[in-house]
Structure formats: structure tokens, C-alpha cells
Amino acid sequence: MRGWQVGVGLALVLGSPIVEMRSVSAQESIWKRFTSKSHGFSIVMPGTPTERKQSGLTQFELIRDAESVRYAVGVLNLPAAPGEDKKLQNEVYEGIRRGAARGQAELLSFRTIKLGEFPGREMNFKLPDNMVAKWRVYLVDRRAYFINVTTTQENQQRGLATSINVFLNSFQLIGTPPKQPN
């Protein structure tokens with residue numbers, strides 16, 4: 001199962017670039033639903049994200065420098081569907097924690113969550129330079145979805161708390177989750 005940890009950790013590190021952030025400014029009302037039919041999800045974002053692919057991870061990200069925030073959704077195909085197997089689920093979550101630790105992130109807290117019938121985990125990380133990240137990871141058949149926000153600690157606690165929750169809570173699966181061959 002070590003491959004899960006390495007694959008997910010690599011995706012986490014490669015998919016989370018260090019971003020220079022600036023101070024918060026007045027927010028514009030630009031939130032709209034973004035949909036990726038090919039990846040089976042939709043989410044509300046404050047603008048149109050850019051897509052990039054690297055090492056099996058497809059990432060949709062939007063950086064708002066004026067607000068010191070980065071919104072991202074990553075999609076990674078897994079070698080097997082964890083299903084209800086708690087051990088396999090924990091392998092994925094542990095891979096994320098280890099990947100974050102390699103990027104100098106410290107796991108502050110986590111909780112078990114669900115997206116409909118699918119298992120998930122919410123994780124809060126402390127990053128260098130007074131930055132924080134809030135992640136939600138959902139395991140849907142043979143796919144892992146990573147929904148995350150990176151910002152300053154001050155923004156997370158005050159200025160952007162509502163925007164962060166709107167983003168994280170708006171994630172939805174669309175269509176039938178793809179079944180990949182064994």
C-alpha cells in the first residue's frame with residue numbers, strides 16, 4: 001500500500017505551489033459555478049480557474065493575489081477503489097499528510113466527513129510564512145478529489161472565512177462517477 005502514500009503525497013506536493021500572497025482588498029462579486037464534466041464535478045469559484053496536469057494529477061486553480069488566497073480542486077485517479085475499506089482510505093489520507101509534511105506543512109486538525117455516500121476527510125494545515133490551508137479530500141470509486149484553500153492565517157480566521165466555506169461546501173459530483181477498469 002506504500003504506493004498510495006507516495007502517489008498521493010507526490011500529487012499533493014506537485015499540485016500545491018508556493019504562492020506569494022498580498023493583503024486583503026475589497027471582494028468583487030464574481031462567484032460562479034465551474035463545471036468539469038470530464039472529471040465529474042462542479043464547484044463555485046470567484047472566477048475561472050486554470051487547468052494543469054502533472055504526474056497524474058489534474059488541477060484546477062485560481063489565485064487571487066489581491067486577497068492573498070488560492071482556491072484549487074485536484075483530481076487523481078487511484079490504482080484501486082478504497083470503498084468502505086478504512087485501511088485503504090487511511091493510506092490515502094496518510095499520503096496527503098506525508099506529502100504536506102515534505103512541503104513543510106504541519107497537520108493541525110482533521111475530521112471524517114462524507115460527500116453523500118463517499119468517504120472523506122477535512123484537514124487543516126499550518127504552512128510557513130503565516131499561511132494556512134484547509135483541505136477536503138473525497139474518495140469516489142477510483143478517484144480522489146482534493147478541494148483546498150490556501151491563505152493567510154488572518155484571512156482564514158476573519159476576512160475570508162465565509163468565502164472559504166462557500167467554496168468548500170459548494171463541491172458537487174455531477175453525472176455518474178466514472179468506473180475505471182480494474
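This is a predicted model: local features need pLDDT of at least 70, side-chain atom pairs count only at pLDDT 80 or more; totals for chains, interfaces and linings use all residues.
View 1. Strand E2, residues 41-45, runs antiparallel to strand E10 and is joined to E10 by two bridges.

**View 2. The open sheet E1-E2-E10.** Three strands make up this open sheet, in the order E1-E2-E10, with antiparallel pairing. Strand E1 (32-36) and strand E10 (172-173) are the edge strands: each has a single partner strand, so one side of each has no neighbour in the sheet.

**View 3. Trp-135 in strand E8.** Strand E8 covers residues 131-140 and contains Trp-135. The relative accessible area of Trp-135 is 6%; buried means under 20%, so Trp-135 counts as buried. Arg-121 is 14 residues from Trp-135 in sequence, and the C-alpha atoms of Arg-121 and Trp-135 are 8.0 Å apart in space.

**View 4. Helix H2 and its length.** Helix H2 has 17 residues, 86-102. At 1.5 Å a residue, the helix should span 24 Å, and the C-alpha atoms at its ends are 24 Å apart, so the two values agree. The buried residues of H2 are Leu-88, Gln-89, Glu-91, Val-92, Tyr-93, Gly-95, Ile-96, Gly-99 and Ala-100. An α-helix has 3.6 residues a turn, so residues three or four places apart point the same way.

**View 5. The two ends of helix H2.** At the start of H2, a side-chain oxygen of Asp-85 comes within 2.9 Å of the backbone nitrogen of Lys-87. Just after H2, Gln-104 has a positive phi of about 70°.

Methods: Residues are numbered from 1 along each chain as its sequence is written. Side-chain values use heavy atoms; hydrogens and water are left out. Two strands pair if DSSP finds at least two bridges between them. Helices (H or I, at least four residues) and strands (E, at least two) are DSSP runs, numbered from the N terminus. Buried means under 20% relative accessible area, exposed over 50%, partly exposed in between (1.4 Å probe, protein chains only). The expected span of a helix is 1.5 Å times one less than its number of residues. A polar contact is a pair of N or O atoms within 3.5 Å; within protein, one must be able to donate a hydrogen and the other to accept it, and residues adjacent in sequence count only if both atoms are side-chain atoms.
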